[in-house]
Amino acid sequence: MSLFQYDFMLRALAGALIIGLAAPALGIYLVQRRLSLIGDGIGHVALTGVGVGLLVQQSPVLTAVIVSVVGAIGVELVRERGRTSGDLALALLFYGGIAGGVVLVGLSDSTSGNLVQYLFGSLITTTRGDLIVILVLGVAVLVAMLALRPALFAVCNDEEYAKVSGLPVRTLNLLLAVMTAVTVTIAMRTVGLLLVSALMVVPVAAAQQVTRGFRTTMAAAMLIGVVAAAAGVTVSGEVDTPPGATIVILAIAAFLAISVGSALWRTLRRHIPAAQHAEPPDVVIEAGAR
Amino acid sequence: MTAVSVRHGVVAYGGRSVLRDVSMQVESGQVVAILGANGSGKSTLVRTILGLVPLAGGEIDLFGTPQRRFRHWARIGYVPQRLGAGSGVPATVGEVVASGRLARRGIFRFPGAEDRAAVRAALEDVGLLDRVNDPVTTLSGGQQQRTLIARALAGRPDLLVLDEPTAGVDAASQEAFAGVLTRFAQRGGTILLVAHELGPLEPLIGKAVVVHDGRIAYEGKVPEPAGHHAGPGHDHLHPHAEPERPVICVAPTDRMPASQQ
């Protein structure tokens, strides 16, 4: 693997691997809540943060983290209030975010090439400093998502039940929102703001084609995410394609392969004589029951 | 000891009052059924007791502590009407039931042997231990309801609060419910349940509270079924010639004015 003789390729790989693990570990809760596109929306908001950073000549990653965390908390508060007006409020926030970003980047001295870097990712230009930020924040997201799995599962599965259990539902929801914003911003360098949501959602969608439980879905999604990230960086280095898009295409390929494979498997099983596969009956009528 | 005490409770949604001056009590060890028509406010009453709906006036005590300051939520096991719709990701029966342990364990500790034992015991109680590794979505409606009861039981609560547990559930599951609740009550547990019709649960009920139009219309022994709602297999022969007496309509109560619909 001569490619990985280069430092920048190693940094690219390390950044991609951590995102490949962290994004699906967080995304599974968003999918469970049917908020699959929220990452995309926060990505739009993060662009305003990038614009602020470029304008005031601070680290765009840092300002993007701050602005998208504020945006994510805003989205969560809107979601908590109710749904009807929430839909419109979210739309305003998202489009305001992307328009604000484009205007601010335009006002700054940077070229438009810079904007594309954030929209579609640019792993190869990841600096050592960027990598440290990605590693620290990525590990923080991973640890929070894994350590709080039972509580986050309970909140996303049945929020009212979680409330009656005395869980700090609001705190957990805000934590999830903040972690989503953090993941979006650190993944911005890898896959870009417009593709960030894909790494949160696609591995989960692929995994749940064949899994039966939440824990196995989470493990499988993280595996698919990390493999797609590693393969994506390698392929993009070999054939010179943009790494972010390559990673996402590989993840979608995994989704398609698993979907088709599991459908074929089910069809095959149906055609095998069913005797040994006889499923237990749904309801066992016991003596005495009417 | 009093498990639940509501005094002059008032609840309003957007200026429209749903409960007006409601007072009721559930003593420890009692089995209380809240009955009423759709839209009478009976579900709102239990949801208010659980803190899911804010109180606009009056007071609620849980185990002698004002609800606002109540922290021992592990003592209460809540069984909602149905499995939350918000599940895009598969979850096994065991995983859903395991969330019932969180109130006791807290969110920072990992499940231990005691948690696993409680989950197994709860699943055994509702007769679903063999389905522990199956996705909940593959279960029938009645089995999903039993999963939710198991989730509440796994926390080893003192008070079970059930919101229409038998609505739209097959007969076999209704019998299973009655068995589970009877055993829970025999262990000294307190039960507060909302019901549209009692069915096989009826012998268990110690006190009935009938909610009508946001007020308590009746409190006492389970009222005799009125009109053509008497038990299963009854003969409905008389043509309602006699003058209407003020009887309490238990099941189904749809004939009550559904003004709160």
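Student: How many salt bridges does the count come to over all chains?

Tutor: The count comes to 16 salt bridges over all chains. The general idea is that side chains of opposite charge can pair when their charged atoms come close. The rule used here asks for a side-chain nitrogen of Lys or Arg within 4 Å of a carboxyl oxygen of Asp or Glu. Before we go on, note that this is a predicted model, in which local features need pLDDT of at least 70 and side-chain atom pairs count only at pLDDT 80 or more, while totals for chains, interfaces and linings use all residues. Residues are numbered from 1 along each chain as its sequence is written, chains are lettered from A and ligands numbered from 1 in the order in which they are written, and side-chain values use heavy atoms, with hydrogens and water left out.

Student: Which residue of chain A meets D134(B) in a salt bridge?

Tutor: R212(A) does, with 2.9 Å from N to O. This pair crosses between chains: D134(B) is in the loop between α4 (113-126) and α5 (141-154) of chain B, and R212(A) is in the loop between α10 (196-207) and α11 of chain A. Helix and strand names like these come from DSSP runs (helices are H or I with at least four residues, strands are E with at least two), numbered from the N terminus.

Student: Is D134(B) buried or exposed?

Tutor: For that we use relative accessible area: buried means under 20%, exposed over 50%, and partly exposed in between, with a 1.4 Å probe and protein chains only. D134(B) is buried at 16%, whereas R212(A) is partly exposed at 46%.

Student: Which residues are linked in a network of salt bridges?

Tutor: Look at R101(B), R105(B), E114(B) and D115(B). R101(B) and E114(B) meet at 3.9 Å, N to O. R101(B) lies in the loop between α2 (93-98) and α3 (102-105) of chain B and E114(B) in helix α4 of that chain, so the pair ties together parts that are 13 residues apart in sequence. R101(B) is buried, with a relative accessible area of 4%, but E114(B) is exposed at 58%. R105(B) and D115(B) also form a salt bridge, at 3.8 Å from N to O. Here R105(B) in helix α3 and D115(B) in helix α4 of chain B are ten residues apart, and both R105(B) and D115(B) are buried.

Student: Which charged residue sits over the ring of Y161(A)?

Tutor: The charged end of R151(B) does, 3.6 Å from the ring centre. The test is that NZ of Lys or CZ of Arg is within 6 Å of the ring centre and within 35 degrees of the ring normal. In chain B, R75(B) lies over the face of F63(B), 3.8 Å from its ring centre.

Student: How do I read strand pairing around β9(B)?

Tutor: Two strands pair if DSSP finds at least two bridges between them. Strand β3 (residues 31-35) of chain B runs parallel to β9(B), with four bridges, and A33(B) stands opposite A208(B). With strand β10 (residues 215-220) of chain B, β9(B) pairs in the antiparallel sense over five bridges, and there A208(B) stands opposite G220(B). Strand β9 (residues 207-212) has five of its six residues buried.

Student: What secondary structure does chain A have?

Tutor: Chain A has twelve helices and zero strands. Of its 290 residues, 50% count as buried.
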